[in-house]
Amino acid sequence: MSQPFRTEKGGRIDRGDQLTFMFDGEQMQGHKGDTLASALLANGVHLVGRSFKYHRPRGIVTAGSEEPNALVGIYRKGDQTPNLRATQVELYQGLEAISQNRFPSLSFDVGAVNDLLSPLFPAGFYYKTFMWPKSFWDRVYEPIIRAAAGLGRPPKNPDHDSYGNIYEHCDVLIAGSGPAGLAAALAAAETGAKVILCDEQAQFGGSLLSEANATIDGKAAGDWVSGTIAKLSAMDNVTLLNRTTAFGYFAHNYIALAERVTEHMSDPDPKLPRERLWQVRAKEVVIASGAIERPMVFPENDRPGILLADAGRTYLNRYGVKVGHKVVVATACDSAWQAAFDLNDHGVEVAAICDMRETPPESLVSIAKARGIRVEAGCVVTGTLGRKRIKAALIGRLMTSGQVASGGQIDCDALLMSGGWTPTVSLYSQSRGKVVWDQDKGAYVPGVSVQKERSVGGAKGLYGLQATLEDGYAAGEQAAKAATGKSAAVTRAVASGGEAGSGGTLGAIPHDRNPARVKAFVDYQNDVTAKDVKLAVREGMQSIEHIKRYTTTGMATDQGRLSNMNALQIASGALERPVTQVGLTTFRLPYTPTSFGLFAGVSRGDFFDPVRKTPSHEWAVENGGVFEDVGQWKRTWYFPKSGEDMHAAVARECKMVRETVGLFDASTLGKIEVVGPDAAEFLERMYTNPWKKLAPGRCRYGLLLNDAGFIVDDGVMGRLAEDRFHITTTTGGAPNVFATMEDYLQTEWPDLDVWITSTTEQYAVAAVQGPKAREVIAPFIEGIDLSAEKLPHMSVRECTFAGVPCRLFRISFTGELGFEINVPKRHGKMMWETLAKEIEKHNGVPYGTETMHVLRAEKGFIIVGQDTDGTVTPHDAGMSWAIGKKKHDFVGKRGLERPDLVAEGRKQLVGLLTKDPKVKLEEGAQITSRGAPKTGTPAEGHVTSSYYSPALDRNIALAIVKNGQALEGKTLYVPMPDGSIEVEVTSPVFYDKEGARLNV
Amino acid sequence: MLLVYCPYCQVERPETEFSCRGQAHIARPADPDTVSDEDWVEYLYLRDNTKGVYAERWRHIHGCGRFFNAVRHTVSDDFLAFYKAGEPMPDLDTLAKEAGK
């Protein structure tokens, strides 16, 4: 028999199904139904990891998701997932696990020297030790600390698994399937309510799976669970979700569940996701999360072989595994006695039961005596011997003086401990409920419900099988009634056995050892000792929130479910304040560690963000276009010819646009159709410019401010008819402009008779710009006269392009003769390919966004958001001309009159020319009035746009500079790491100042 | 994620269909020219930061697109009322009392 600690019989494992697995390269056997932890214990392996700070040998402590020590890495599909709790990892054939935080091996770990040096590592030692010199912070200290500390290593490859997502609604969600949860599910389901029952474990049943003695309706507890699950799964209104953790409780009864779908399978269907996120909106919630046992804080309570008593019982009764051959039970409450008796039933020698209480219940003592078990009352464990496995427990007697007298030692190979029970109030706390202190129970329990939820059974500190069942039935009925208004009679099961015990202790256990030399751990995972908590108080931490952060107690993956109450009690003693005045940290989601992949779901790679493509996209790809991302849009940046770099391509494109003609895809511009009798009045109020006198067929540049007076968007508005405008916005501003317009229209001026519609996606837009633009489009335009007299600059016409309906704008963002052709989007590709062919005849070029930027900068046309930053007014931008002087009101008019906006010294848009025309400024660079300003000198402004201008054959820049408009001709400086750059302030219009090229 | 009721569509929908647009019942002054600098700044920037019942603007941006108002308790996130734009603000104290907040 290769599993020396497996029981002869019993347990819920499949003894006929033997599985082989690897732990740190060693092959072992287990059974179907085992967890990795139970299989390791069956093989006698307790040592499974090294601790976080001191690298002390650590063993399995619990049998649940709160496990602090047994964190392992699991290999799957050629990579490793770190920090999984061995107590939750289900065994499958070929499972490969490694221990963590040890070098070179688990058995011999050089980091263990930290344990001997532990006087150097008190609480807060990082803050105290690694202060000087500052230059060591990120180069020396951090890499060393990061290498030495921490647990597992992250996977090396991108996540190769997929993750699912389901939205669900239900009447009653029940989290937890112990006796209370199952009873609640039965009662709620019977009413016909839609019920979801979830449990983080592989099997439903919770504590009933570990129950060997109690019966329900005369059946063994486990059989009652099987029958109940069979009954529930036959009901159409019930959804059963095992391996599913309710990890987050949000507002309005919105609960997030993480379902582990394939991780327990050795060869899962590749079509299945690894995990599935359930987003459940529940009308009512029943929290049946139970309670967990508290460790006892005695010296050397972290040796491998020391487990919680209930975990020992679970390994025995559920998994058929004995935690040792000779076991000491240390307790302060009744429930651990049952663990001793169960072990004894399986032939395990119980060396002693050491109960802190002077007089444990006589009923228990007499059973122990009858079994021949040594009972030590008024007795505590004061230390343990052994290194990688406990060899003996030191015991001490509590004396009436409060002192402890040595009581010798008891040899053992395992020790089970129980400091009592702590209700799991995490979900309640997440639901924003405030826990209240229950003095009788010595525990925090749920207080008033803030949301539509109720805690039942152990989760509210109610114990005893019969009472828990009753509570569950009542809660299930109540929840269903509240959700659906219906009730039903459900036959309630009756339990026998599993009575509630009493007793419990909080905080450090008294001992007779030298307190300076021993470590009694409060938080195993973070290596926090009782001494550390006391030290934190001595060093001035008053609130539990500060103590937590200073010592890191309660910051483990279980969020302090094991450690919080002991830490609180120790802090309360040190502070000489009652526990209730020390406070309690808030439990936050996720309840247990949850993978990033679950949250990301399908939002990865191509599905991370939508991609918007323009009609010329395919053509641009085929013709070597280089793309840039503009928000969600893919836009062509430039079109390099073979051998050209970006600089050369852009220079050529710019030159050709000014000499012949260029073709540009402007489809991304936002477009809004403004229609109705009050359309002109509406634009009059929204934009700075006057609109009412704009004749149909004409266009005007429009500037949009917010009511504070700052520029937020711009565009060109074409008036198609008295009651119809086609307006454009910036590419990035389109949704916001539309929302702002809707806001004013619906809430400020509901009296206006106007409809606005976003038409951005309805039109494909080609800009044809350059001296030959008219000749290029002429062959395709029908129905209008394109001559300069009939179609002057800033005009709009409806006509046809190659036979399809078209809105033709004569406008220019380049300073050249230009047209923007709008056709229905489905004709966009045809339009682009037609024009691309046509421009070749005129020696023209397609051009991208970079050339568009250079050409507009040569003309001093601003890009909102690049040359403005949300604090720039039209006056600052040199665009006072765009403000309708006679207008009574428009959005931003009153804002522009605010004292700060009319004051002297505002930053204004200017042009900058470097004294050396070859020097190009960096966008974002700061501008100063002196060449070598002292450190701390405020900047006069900054460079907003900077390009090489082919038309001028020199570098140009736009900037916003304090009082800039008055500084024309003056010299300023742009200090850079290798010296200041001298610049001359100029007009922002560098090319064709008179605009002669436009009017041809 | 909150559940929001659109009084135009008359349906309850998850928060992701909506956008919250801040405090409700802040009207743009009808004649801005007559408003003092201080009052204009108040209109632009200053908002209540209530701990308790609060009337705020919502827009069913991925639904009907309409703006409406809601009364929300800023601590519990419970909604106490939803009403259309233009309708008067309900008495917040009465709502709070009815809800036992």
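An α-helix has 3.6 residues a turn, so residues three or four places apart point the same way. H21(A) covers residues 828-841, and its 14 residues reach 21 Å from first to last C-alpha, close to the 20 Å expected at 1.5 Å a residue, where the expected span is 1.5 Å times one less than the number of residues. Just after this helix, A:Asn843 takes a positive phi of about 60°.

The model is predicted, with local features requiring pLDDT of at least 70 and side-chain atom pairs pLDDT 80 or more, whereas totals for chains, interfaces and linings use all residues. Residues are numbered from 1 along each chain as its sequence is written, chains are lettered from A and ligands numbered from 1 in the order written, and side-chain values use heavy atoms, without hydrogens and water.

Turning to chain B, its secondary structure comprises 2 helices and 6 strands, taken as DSSP runs (helices H or I, at least four residues; strands E, at least two) numbered from the N terminus. Their order along the sequence is β-β-β-α-β-β-β-α. The C-alpha trace of chain B spans about 40 × 30 × 20 Å along its principal axes, and 40% of its 101 residues count as buried. Of the contacts (heavy atoms within 4.5 Å) between residues of chain B at least 6 apart in sequence, 46% join residues at least 24 apart.

Technical notes. Buried means under 20% relative accessible area, exposed over 50%, partly exposed in between (1.4 Å probe, protein chains only).
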